[in-house]
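Here is a short report on one protein chain. Look at the sequence and the model first, then read on.

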Amino acid sequence: MLLYSSFLPALEPLAHLTIWSKSELTLHLKSIAQTYPVTLESFPATRPFREFPYNYLRRLNEYAWDDYLKPPSRLSMRKYLDDNNAKPQVRALRYPARVIAQLGLAQSLENNLEKLLYRYQRSPEAAQRLAQMRPDFLFTMGTFRYEEPAIAAAARNLKIPRLAFITSWDNPSTKRRMVFNYEGYVVWSQEMKDQMHHFVPASRRVPIYVVGAPQFDVFYQPRFEQSRAEFCRENELDPALPIILYAMGSPNLIPEMTAVRHLADNITQGKLGGVQLLVRPHPLHDQNREFQALRDLRPKVVVQDTRQSTAADVIYRAQDESLIRQWVNTFRHCAVVVNLSSTAAIDGALFDKPVVNLDFDPEPAKKLEPMIKEINHLWTHFKPVAESGGLWLVNNQSEMIEAVSTYVKQPELHREDRCKMAGFVVSYLDGNSGARLAEALMDFSKNHCLKKS
């Protein structure tokens with residue numbers, strides 16, 4: 001996001017940036033350090049919280065806030081996913097959490113938990129390096145992850161102001177509690193800002209910058225454009241035929257292979273006419289086993305290789321320019337996007353591609369059908385998109401085939417609503433969100449750091 005958006009060119013004359021990264025790919029991008037005032041360094045070592053009392057208190061806090069705010073997304077995940085995997089002693093925390101929420105003590109619990117967590121030093125290395133550097137402020141992009149809150153805590157203990165980027169539109173309403181409050185926030189849209197004010201009350205007292213989505217700047221950059229002929233050659237596709245793209249979501253959430261196979265079978269049997277299917281797996285998918293049956297359907301069906309690297313741990317992975325080019329041109333050259341309630345719907349809309357969105361569980365047992373209905377019609381971040389009119393919600397496999405076939409023939413269908421849908425989520429459709437992010441950092445440094453330090 002920082003390396004390939006309009007961020008670094010805009011920041012270059014204004015400040016020096018030190019990036020701490022776990023990705024070996026990022027650390028070896030010497031060309032970046034030679035072109036811009038950037039220092040690339042390895043990420044400080046961090047350690048986890050001890051299970052007791054820290055993690056138990058964190059779970060108690062999450063349950064209390066879920067009962068207090070009753071966010072549809074969080075309650076839905078608790079019902080269908082999280083609580084099924086939680087230890088009995090963790091699930092038991094729901095009962096005292098309910099009492100805490102009913103008494104209106106959720107904020108008091110979180111305030112005291114925050115103080116406790118600050119006293120637990122998870123990264124002595126970060127504290128030492130920050131003490132030596134004394135940066136004007138810390139910009140953190142992983143407030144909901146495992147590693148970066150450890151760095152944020154070290155910065156706070158050194159009285160270094162912190163600006164937190166909420167890096168995805170679903171984060172305020174679907175993620176666990178951040179616990180730590182920051183001295184400022186960056187978000188994509190006014191909608192995200194409103195959600196932050198709702199889910200994180202302390203955010204009402206600090207600056208929140210609305211900059212758009214810098215990761216989508218690459219959609220507007222000529223250097224990532226490929227001709228259709230070149231893209232199709234690289235992906236073993238026929239440039240003369242429309243490309244139906246099935247963009248798969250996280251394998252950890254909802255299985256989608258039955259829907260993919262059904263679409264693939266219909267295309268190979270010619271039931272949708274002269275089209276071809278490109279299956280874009282989520283990078284976390286094991287593409288060597290699960291997708292072999294689809295590879296046997298070539299040339300009408302192609303499985304894209306989206307794996308970021310061979311690193312076992314997700315946190316060490318990163319996209320290089322070739323994978324970003326693949327991502328951009330996959331959506332640029334497809335005719336229709338099929339997905340299940342993912343950001344791929346916005347990827348497609350940004351290129352004015354018709355979007356088909358599953359409103360059913362494609363697996364035969366349909367165990368997750370109620371949750372999928374809730375995602376599309378209750379979840380805070382996706383309900384406005386699903387019900388915007390900018391995509392086609394389908395209730396079964398037959399409707400999916402009908403929607404795809406219709407969109408191939410009428411790509412202009414729902415165009416106006418599709419554009420509004422994209423603008424609602426990302427705010428700006430100009431490819432300059434990285435530059436606005438740089439402006440936000442400089443404003444934070446100038447107007448909010450001195451009073452905090």
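Which element gives the largest share of the lining of the largest cavity? Helix H4 does, with four residues. Keep in mind that this is a predicted model.

## The chain as a whole

The chain has 22 helices and 12 strands. Its radius of gyration is 23 Å, close to the 22 Å that the globule rule gives for 453 residues, so the chain is as compact as a globular protein of that length. Along the principal axes, the C-alpha trace spans about 65 × 55 × 40 Å.

Of the 453 residues, 55% are buried. Take the contacts with a separation of 6 or more: residues 24 or more positions apart account for 66% of them. The accessible surface is about 19,900 Å². Carbon and sulfur atoms hold 51% of that surface.

## The largest cavity

The count comes to three cavities of 30 Å³ or more. The largest has a volume of about 180 Å³. Its lining has 20 residues, and the closest to the centre are Pro172, Lys175, Arg176, Arg177 and Phe199. Two elements give two or more residues to this lining: helix H4 (51–69) and helix H11 (171–174).

What kinds of residues make up the lining of the largest cavity? They divide into 10 nonpolar, three polar and seven charged.

## The second largest pocket

H4 and helix H5 (72–85) each supply at least two residues of the pocket lining. The largest share, seven residues, comes from H4. By type, the lining splits into four nonpolar, two polar and 10 charged residues.

## Inside helix H4

Now look at asparagine 61, which sits in helix H4. Is asparagine 61 buried or exposed? Its relative accessible area is 0%, so asparagine 61 is buried. The cut-off for buried is under 20%.

Which residues does asparagine 61 touch, leaving aside its neighbours within four places in sequence? The contacts are Ala106, Leu109, Glu110, Leu113, Arg177 and Val179.

Most residues other than glycine have a negative phi, and most peptide bonds are trans. Some places in this chain depart from that pattern. A cis peptide bond joins phenylalanine 52 and proline 53, with omega about 5°. Proline 53 belongs to helix H4. Another cis bond runs from arginine 298 to proline 299, with omega near 10°. Proline 299 lies in the loop between helix H15 (292–295) and strand S9 (301–303).

Lysine 70 is not a glycine, but its phi is positive, near 50°. It lies in the loop between H4 and H5. With a relative accessible area of 53%, lysine 70 is exposed. Valine 179 has a positive phi too, about 70°. This valine is in the loop between H11 and strand S5 (184–187). Valine 179 has a relative accessibility of 7%, so it counts as buried. Valine 179 is also one of the contacts of asparagine 61.

How values were computed. Residues are numbered from 1 along each chain as its sequence is written. This is a predicted model: local features need pLDDT of at least 70, side-chain atom pairs count only at pLDDT 80 or more; totals for chains, interfaces and linings use all residues. Side-chain values use heavy atoms; hydrogens and water are left out. On a 1 Å grid over the protein atoms alone, a cavity is a set of points where a 1.4 Å probe fits but cannot get out, and a pocket is an open set with protein on both sides within 12 Å along at least five of seven lines; lining residues have an atom within 4 Å of a point. Grid points are joined across faces, edges and corners, and a volume is the space filled by probe spheres set on the points. Ala, Val, Leu, Ile, Met, Phe, Trp, Tyr, Cys and Pro count as nonpolar, Asp, Glu, Lys and Arg as charged, and the others, Gly among them, as polar. The radius of gyration is taken over C-alpha atoms; the globule rule is 2.2 Å times the number of residues to the power 0.38. Buried means under 20% relative accessible area, exposed over 50%, partly exposed in between (1.4 Å probe, protein chains only). Contact means heavy atoms within 4.5 Å. Accessible areas come from the Shrake-Rupley method with a 1.4 Å probe; for residues, only the protein chains shown count as cover.
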